[in-house]
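Subject: the model you asked about

Hi,

Here is the structure I promised to pass on. Have a look at it first, and my notes on what turned up follow below.

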Amino acid sequence: MEEVAVVENKKVILKNYVDGIPTETDMELKMGDTIELKAPKGSSSFLVKNLYLSCDPYMRSRMRDFHGSYLPPFLPGQRIEGFGVARVIDSDDPNYTPGELICGITGWEEYSLLRNSNELQLRKIQLDDAIPLSYHLGLLGMAGFTAYAGFYEICSPKKGESVFVSAASGAVGQLVGQLAKLNGCYVVGSAGSKQKVDLLKNKLGFDEAFNYKEEADLDAALKRYFPEGINIYFDNVGGSMLDAALLNMKVHGRIALCGMVSLQSLSSSSQGINNLYNAIPKRLRLEGFLQSDHVHIFPQFLEHVKEYYKEGKIVYIEDMSEGLELAPAALVGLFSGKNVGKQVVRVANE
């Protein structure tokens, strides 16, 4: 019989359910668990080595004891999971061969045993010297596709329109702004630091940008940048920014509700919206969406965005943390804006 290697498999677990904004102590790096570097015969599963993990705001909703969402909660004491890039090590599934690179939902651990299902959103990725592997989690992954689907399918942009993007230097916002510019729109972004505002204007090509933390009156700030009003608001933050945008939308304006990262709690006691009345006389459309509703356009997205990137028409900013032990801090940092760009954790160097 061949000898199967057994290795330690460090993992990040959720310690208990969280109602507010998660902290590092809600998670724990668990040592001592071992795994065989073999996919069990007859299991139809395959074993991967995780290379990069994605930190995304939606993961917070899986940390609470709530079963009415589109994704089930994590289980306390069990590994966290999220989008990752991994290499197949061993396989009992004829569709996956050792050596192949995949992207999809994997465990926050060094090695994961996966069984293919639609929930994992697995896809194979080809190495391309012009594109960093980790970009399959950001620019060419769920974040980039969220930007693409939200902007084109929900916002229906027209050339010359005015576009406002909140959390504009984040994983989604930075691409929305650049797509809007490529579409001939006037684009303004908000972010939470001088460094991010500089990036938006000097590297990402936004027409204007402002630091919302320096604005005593968000309504006045939007009137300054959009004296004629806003056609499209791509909302990543909710809260008081959404309230201010509602006061400044043009007739037949569109608001894509992508994220509500400003909310302290995701439970039913969350704050309401104050200025929703404006949606009636202005005939606004507010629409929440998930990227997974639009998978039919994923091939088109990949083709377009790869081309834009290779032609230098878009750039992408990534914030890389080194090592699985830094994953909890990296995830928690999203909710205070510590990350500059798309937050990724490198689990292993190849």
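This is a predicted model: local features need pLDDT of at least 70, side-chain atom pairs count only at pLDDT 80 or more; totals for chains, interfaces and linings use all residues.

Let's start with Asn 16, which sits in the loop between β2 (11-14) and β3 (27-30). Residues are numbered from 1 along each chain as its sequence is written, and side-chain values use heavy atoms, with hydrogens and water left out.

Back to Asn 16: its relative accessible area is 38%, so it counts as partly exposed. (Buried means under 20% relative accessible area, exposed means over 50%, and partly exposed is in between, with a 1.4 Å probe and protein chains only.) If you skip neighbours within four places in sequence, Asn 16 is in contact with Asp 26, Met 63 and Pro 76, contact being heavy atoms within 4.5 Å. Ala 221 is 205 residues away from Asn 16 along the chain, and their C-alpha atoms are separated by 40 Å.

UniProt, in an unreviewed entry, places "domain: Oxidoreductase N-terminal" at residues 10-117. Its positions are given in the numbering used here, feature names are shortened, and annotations may be inferred rather than shown by experiment. In the model, residues 10-117 are 0% helix and 39% strand, and the end C-alpha atoms of the span lie 24 Å apart.

Now the charges. A salt bridge here is a side-chain nitrogen of Lys or Arg within 4 Å of a carboxyl oxygen of Asp or Glu, and by that rule there are 18 salt bridges. One network links Lys 11, Lys 30, Asp 33, Arg 62, Arg 79, Glu 81 and Glu 109. Within it, Arg 79 meets Glu 81 at 3.6 Å, N to O, and Arg 79 also meets Glu 109 at 2.5 Å, N to O.

Another salt bridge joins Glu 215 and Arg 224, at 2.6 Å, N to O. Here Glu 215 is buried, with a relative accessible area of 19%, and Arg 224 is partly exposed at 47%.

Helix α1 (residues 142-154) is mostly covered, with 11 of its 13 residues buried. Among them are Met 142, Phe 145, Tyr 148, Phe 151 and Ile 154. After α1 comes Ser 156, which has a positive phi near 40°.

Then there is the sheet. It is open, has six strands in the order β12-β11-β10-β13-β14-β15, and its pairing is parallel. Two strands pair if DSSP finds at least two bridges between them. β12 (208-211) and β15 stand at the edges with a single partner strand each, so one side of each has no neighbour in the sheet. From one strand to the next, the twist averages 15°.

Going through some of the pairs:

- β10 (residues 162-165) and β13 share three bridges, with Val 165 opposite Phe 234 in β13.
- β13 (residues 230-235) and β14 (residues 249-257) are joined by five bridges, and Tyr 233 has Ile 255 of β14 as its bridge partner.
- β14 and β15 (residues 285-288) pair over four bridges, and Ile 255 stands opposite Leu 286 in β15.

Helix α2 (residues 173-182) packs on the sheet, touching β10, β11 (186-191) and β13, and its direction makes about 170° with that of β10. For such angles, axes are lines fitted to C-alpha atoms, for helices over the stretch in contact, and the angles run from 0 to 180 degrees between N-to-C directions. Helix α5 lies across β10, β11, β12, β13, β14 and β15, at about 155° to β14.

Cheers

Definitions and conventions:
Helices (H or I, at least four residues) and strands (E, at least two) are DSSP runs, numbered from the N terminus.
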